Structure formats: structure tokens, C-alpha cells
Amino acid sequence: MVAASGSDVGSVASALATIVSANEADANETARAILRYAAEKGLDPVPVLRAVPFSSARKYSGCVTADGRALVMGAAAFVLGPERAREADALTSAFDATERVLVVGECASFSGDDAIEGDVCLLGCVAIRDEIRPTAPDTMRYFLEQGVELRVISGDDPRTVSAIAERAGVPHAERYVDASTLDTPEKLDAAVDAARVFGRVTPQQKRDLVQALHRRGRIVAMTGDGVNDVLALREADCSVAMASGSAAARNVSEIVLADNDFAHMPEVVAEGRRSINNLQRSASLFLVKTVFTAALALVCIVMPPYPFIPIQMSLLSTAVIGIPSFVLALEPNHERVRGSFLANVLARSLPASAAILAALFSELVVGRALNHSFDEISTVCTILVAFVGVALIWRISQPLTALRAALLALIIAIVALGCTVFASFFEIMDLTGSMGVVIVVAGLVAVAFFNWMYNRSLAGYETNEHFLRLVRRVEGKHDGE
């Protein structure tokens, strides 16, 4: 705390205690820190007649005491005005660059809409330092390694925010901008690409920045804890609030950090990736059975009978769907989530369904030509479905790990035992020469057809996603012109 010429530290401290006590009901983190300081120093506030609450648009708070003094505390540029900012700069030189400096002054009065009236007599400055958690650089490094672009948006002085961001490990923190100078949509849109730190940002500008990132095809996650962040939190794709923040911020956010520690975000990301990626794999397996059984039922209306009996479907459901989906759904998975959920599921499941249906249709046609009995046709169809099912699990298990390799071995063992040792239980017939030929030929063709379609579907989807991203970026540039 530094006093201006003609004042003393005691009067500055008394004015601080009076202002924050008058607005205690609506205190933010800065006000609460000053309240704790006043309590530790035993500073008693004087009675007040009127409280002027803090506003993110005005960047100051104040009060009118019982003896008629109008006290104000806030950002120098807003309290003193830009033309008198050098007065405060002369005092702030005594503080560290990472400390947020507020000026304390006395004005003539406040208008009905809480605007400062008359010249402000500068009493002094107070500096508040935000504590940077030791885990902050590691957390920033994690997100950078995951391809996340970091931007810092704050209502504080951009130079202070830049210094704090640099210590926290935010790259290019020196590229900062004062959002109060972004007085047109064109300037704000241009600053989104040029700057990484934004200071003096209003609530509306925070939302505009999120919207500008959306126009560039970005997925935006926003963290905040105050009422000023609500508009941006609602606009973001993923919003994260602190438990100690305002109730409004917590209510509009998808995630609330109960212990106010941002270092848990890598764990949140890892859990989200595990849930989404594993659910995509499991959904692919279930959708394969749904599609090919429904399509096969339509085919068998024209070419009866339906080639499976319930016990054989139980073997396939257990080996190809049940066990793999259970294991894949619970294993750790830190792969980045790409594309949309439905497109990823369809890109994996439809090729397998088409390959199975083609193989089964071949057996229905060839089996009749070779005079195969119903039991022989159902046996061949069961083995063909197992062939393509194993191929699908192989593809969705990439990259292969020890657990996934063990899962593949288990599935193959279950199918092999079901078709040999427990063949009579599952109504599996002994293979004849013609059955073996059909299984080998149709199985190899079906697996090759599945791999070809699988590769094309993924390549086509990735190309389409790339094209859409380019379109969104071009549209974003045009919107900013």
C-alpha cells in the first residue's frame, strides 16, 4: 500500500476498509481479500450513507460516508481517467508486475447512476497479488501438449494479467491487448488472432471473444468464477466454474471444481476421453448386430429361413459384443476425441454390418446351390459372423495394447471352443469340404471387403471434417472483414 503526496497510509487503509465494508454483501474475491486484511489490522470502517457496488463496466466501487465524503476504489484509468493515469503509474512503479494495483481516491459525489462526479483526489494505491499455484505450469504444459490454444481474458490491467500469465506458463503472454481500445467489432475480431492475453474486458466482450473463436471453427472451453463471466460461460462449448465463485457462474457451468483447483482439469479431460472414446467403440459393436440382423430379417422374408438359432446368437453376442464392450468401456483411454460421436460410430459399424450381410447372403445362395441343410447353413453363417466380428474388434482396438491383445485372444478362444468342444451345445455341425470352402472364401472376401470399406469410411469422414473446418475458418475471416 502506497500513499499519495499529501496523504498517509492510515487514511488510505481506512478508506479501503470503509469502501469494502459498505459493499460486503456483494463482495468479490478482491473485496474479500481486503476485508481479511482490514480484520487482521483491526481497521474499523466509518458509517456510510450510500454504497456504490462494483461494476465490471465502471471498474470501480465506492461509498458515501456519514460525514459526506465520497470514496472510490478501482482501476486508475476508470477512476482518474486516461489523462491522469500517469499519476497512478508513478506510484505503481514500487510494486511487482504481477500485482494488481487499485487506486483509492475521494471525489465530490456520485450521480444517480453511480457515476463519479467532480475531480478525484488521489489518496493512494493498494496492490493485490494473485497466488499462482505450484501446479499451474504443469497444467498449462499438459493442455499445450494436447493441442489446446490458451487465451487469458480478464477485467484487470492487461500488463498485470500478462505478467501473471507468463509466470503461469501461458505461451506468448507478452502479446496482450487492452480490450477498452477494441471499440468496434472489427478491432475485436482482429485481436482474437493477434493477442493471447486480454485485459480490461467487459462481460459482453468476453462473450464476443468466444463467438469470434466459434466463427473460426474452434471448440471453446471457458473457465470463470464471477457474474461477469456468465455470458461467456453460457456461450462456450464447455464451461468450468470454481466452487468458491458466484452462484450464477456455478449454475450455468457444466463442470464445477469443488476444491477450486484447476490442476484437476487434466483428470477431467482424461475421464471425458475415456467415456467418449470407449462408448464409441462399444456402441459400434452393438450397432453392428442391430443393423445386420434387421437387414438379414428383410432378406429372409424373400429367402427363408432365418439362418440362426438363439443359442448361436448367444455365442456371437457374448464373444463379439458382450465381453469386448465391457472391457473396452472400462479401460483407460487418453486418445484425443475427434469428429462427432454418431459419425465415428457409423464409420466403424456400417462397414462390418455390410460385410457380414454380404457374407451371409453368399452362404444363403451358395448353400442352396450345394444342397446344404439348415444346420450346415447356420453353422457357416455363425463362423462367418465371428470372422468379421474379430476383424472389427481388431480395428477398433488400435493402437493395440497388452489388454486389447489379451481381449482378442480371449474372443478367438471362446469362438474356437464354442465351435469345437461345445459344438453340440451351440448346435454347430462338423464341417464338410464344401462348408470349409465357403467359410474360407466367403470369410476372406468379407474381411477384405470390411477393411476396404472401413478405411474408406474413415478417410472420407476425416476429409469431410477437414473441409468443414476450412469452410468455418474462411467464413470466420469473412465475418471479421
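Student: Where do I start, and how many helices and strands are in the chain?

Tutor: Start with the inventory. This predicted model has 16 helices and 14 strands in its chain.

Student: What radius of gyration does the chain have, against that of a compact globule of 481 residues?

Tutor: The chain has 33 Å, whereas a compact globule of 481 residues would be near 23 Å. The box filled by the C-alpha atoms, taken along the principal axes, is roughly 110 × 50 × 35 Å.

Student: What share of the residues counts as buried?

Tutor: Of the 481 residues, 43% are buried.

Student: How do I read a sheet, and in which order do the strands E9, E10 and E11 stand?

Tutor: The general idea is that strands of a sheet pair through backbone hydrogen bonds, either parallel or antiparallel. Here 3 strands form an open sheet with parallel pairing, in the order E9-E11-E10. Strand E9 (152-153) and strand E10 (176-178) are the edges; each has a single partner strand, so one side of each lacks a neighbour in the sheet.

Student: Over how many bridges do E10 and E11 pair?

Tutor: E10 pairs with strand E11 (residues 197-199) over 3 bridges, in the parallel sense.

Student: Strand E12 has two faces. Which residues are on the covered face, and which on the uncovered one?

Tutor: In E12 (residues 221-224), Met 222 and Gly 224 make up the covered face, while Ala 221 and Thr 223 make up the uncovered face. E12 also pairs with strand E13 (residues 238-242), in the parallel sense over 4 bridges. Ala 221, on the uncovered face, has Cys 238 of E13 as its bridge partner.

Student: Which residues make the nonpolar surface patch?

Tutor: Ile 276, Leu 279, Val 337, Phe 341 and Leu 342 make a patch of about 430 Å². Helix H11 (265-302) and helix H13 (341-369) each supply at least two of the patch residues.

Technical notes
Residues numbered from 1 in each chain as written. Predicted model: local features only at pLDDT ≥ 70, side-chain atom pairs only at ≥ 80, totals over all residues. Heavy atoms only, no water. Pairing = 2+ DSSP bridges. Patch = residues over 30% accessible without salt bridge, like charges linked within 9 Å, V, L, I, M, F, W, Y side chains within 5 Å. Areas by Shrake-Rupley, 256 points an atom, 1.4 Å probe, with all protein chains shown as cover. Salt bridge = Lys/Arg side-chain N within 4 Å of Asp/Glu carboxyl O. Rg over C-alpha atoms; globule rule 2.2 N^0.38 Å. Buried < 20%, exposed > 50% of the residue type's maximum accessible area, 1.4 Å probe, protein only.
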